Amino acid sequence: MADWKETQSQQNFGSVPRSGGDLAGVTYDEGLRQYMLSIYNYMTSGVLLTGIVAILFSWGGMESPAAWLAINGGLLFWAVKLAPLAFILAMSFGLHKMSQTTLQIVFWSFATVMGLSMSTIFLVYTGESIAVTFFATAGAFAGLSLWGYTTKKDISGWGSFLIMGVIGLIIAMVINLFLGSETMAFVISGLGVLIFAGLTAYDTQMLKNQYQHVRGTPFMGKAVIMGATNLYLDFVNMFMFLLQFLGSRD
């Protein structure tokens with residue numbers, strides 16, 4: 001997500017300021033909890049908005065807007081599919097120029113467009129299997145994020161490997177568009193689940209550690225939205241890859 005994760009200082013990263021005694025520590029912990037809760041609220045709201053839009057857009061079976069896009073959309077279909085990437089790039093590279101209100105609007109617009117893009121999964125998988133996969137993903141995400149928040153182990157070193165894994169996934173997926181190999185698709189799905197599971201824990205710890213650098217600054221509100229975007233992407237990608245394992249096709 002561009003350079004927004006860059007910290008102001010690397011000294012004592014992740015430590016809790018205690019210069020004011022126990023009261024300062026309590027105040028810091030309460031602020032941290034509120035900060036993380038705000039991130040989770042944004043992220044959860046974004047996922048729910050995406051789900052609602054996807055369901056509404058897919059209603060009507062083969063007469064639904066999603067089916068029309070998939071069958072007749074052509075360039076429009078790919079525009080809807082690729083639009084979320086444009087929003088992510090806008091948020092990343094326009095972060096410091098946007099106001100917090102503008103960034104909020106872009107986030108909600110991104111979640112909406114993601115719903116349009118994901119609506120076509122209802123043409124491929126049964127509603128029951130989508131629901132089962134969603135709740136399985138939610139449970140796994142909650143556990144991984146909780147571990148990332150509470151663990152005393154420094155997992156910051158995971159970052160470079162996980163990002164390399166994401167790049168490798170993208171390359172493999174592009175290659176498989178031409179090969180059409182079911183075996184390769186299965187391997188990609190398995191690696192995708194593992195990589196985004198790792199990113200869930202990694203991003204959670206990163207956001208927790210980042211709090212001491214953004215608290216009390218004008219950037220804090222933006223950091224909440226960008227943090228929610230990171231976790232949203234972890235959740236959605238883990239869901240999509242897991243769906244290829246658990247999903248029953250219509």
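Modeller: Happy to. This is a predicted model, and its confidence is lowest in helix α2 (residues 65–72), at a mean of 66. Confidence is highest in α6, at 95.

Colleague: What is the mean pLDDT of the protein?

Modeller: Over residues 1–16, pLDDT stays under 50. For the protein, 82% of residues reach 70 or more. The mean pLDDT is 85.

Colleague: How many helices and how many strands does the secondary structure come to?

Modeller: Read the elements from the N terminus on. They run α-α-α-α-α-α-α-α-α. The count is nine helices and zero strands.

Colleague: What share of the contacts with a separation of 6 or more comes from residues 24 or more positions apart?

Modeller: Take one pair as an example of distance along the chain. N41 is found in helix α1 (residues 22–58). N41 and A228 are 187 residues apart along the chain, yet their C-alpha atoms are separated by 8.0 Å. For contacts in the protein with a separation of 6 or more, the share from residues 24 or more positions apart is 83%.

Colleague: Is N41 buried, partly exposed or exposed?

Modeller: Buried means under 20% relative accessible area, and exposed means over 50%. N41 has a relative accessible area of 44%, so N41 is partly exposed.

Colleague: What span should helix α4 (residues 100–118) have at 1.5 Å a residue?

Modeller: Helix α4 has 19 residues.

Colleague: How far does helix α6 reach from its first C-alpha to its last?

Modeller: Helix α6 covers residues 127–150, which makes 24 residues. At 1.5 Å a residue, 34 Å is expected. The model comes close to that, at 35 Å.

Colleague: Which residues are buried in α6?

Modeller: Think about the helix turn before reading the list. An α-helix has 3.6 residues a turn, so residues three or four places apart point the same way. In α6, the buried residues are S129, I130, T133, T137, F141, S145 and G148.

Colleague: Is D234 buried or exposed?

Modeller: D234 is found in helix α9. Leaving aside its neighbours within four places in sequence, D234 is in contact with F141, F196, L199, T200 and D203. Its relative accessibility is 3%, so D234 counts as buried.

Colleague: And F186, is that residue buried or exposed?

Modeller: F186 is found in helix α8. Its relative accessibility is 53%, so F186 counts as exposed.

Colleague: Which element gives the most to the nonpolar patch?

Modeller: The patch covers about 580 Å² of surface and is made by F186, V187, L191, L194, F245 and L246. Two elements give two or more residues to it: α8 (182–214) and α9 (220–246). Four residues come from the one that gives the most, helix α8.

Colleague: Last one. What percentage of the accessible surface belongs to carbon and sulfur atoms?

Modeller: Of the 250 residues of the protein, 43% count as buried. The accessible surface comes to about 13300 Å². The part that belongs to carbon and sulfur atoms is 67%.

Notes
Residues numbered from 1 in each chain as written. Predicted model: local features only at pLDDT ≥ 70, side-chain atom pairs only at ≥ 80, totals over all residues. Heavy atoms only, no water. Patch = residues over 30% accessible without salt bridge, like charges linked within 9 Å, V, L, I, M, F, W, Y side chains within 5 Å. Areas by Shrake-Rupley, 256 points an atom, 1.4 Å probe, with all protein chains shown as cover. Salt bridge = Lys/Arg side-chain N within 4 Å of Asp/Glu carboxyl O. Buried < 20%, exposed > 50% of the residue type's maximum accessible area, 1.4 Å probe, protein only. Contact = heavy atoms within 4.5 Å. Expected span 1.5 Å × (residues − 1). pLDDT = per-residue confidence, 0-100.
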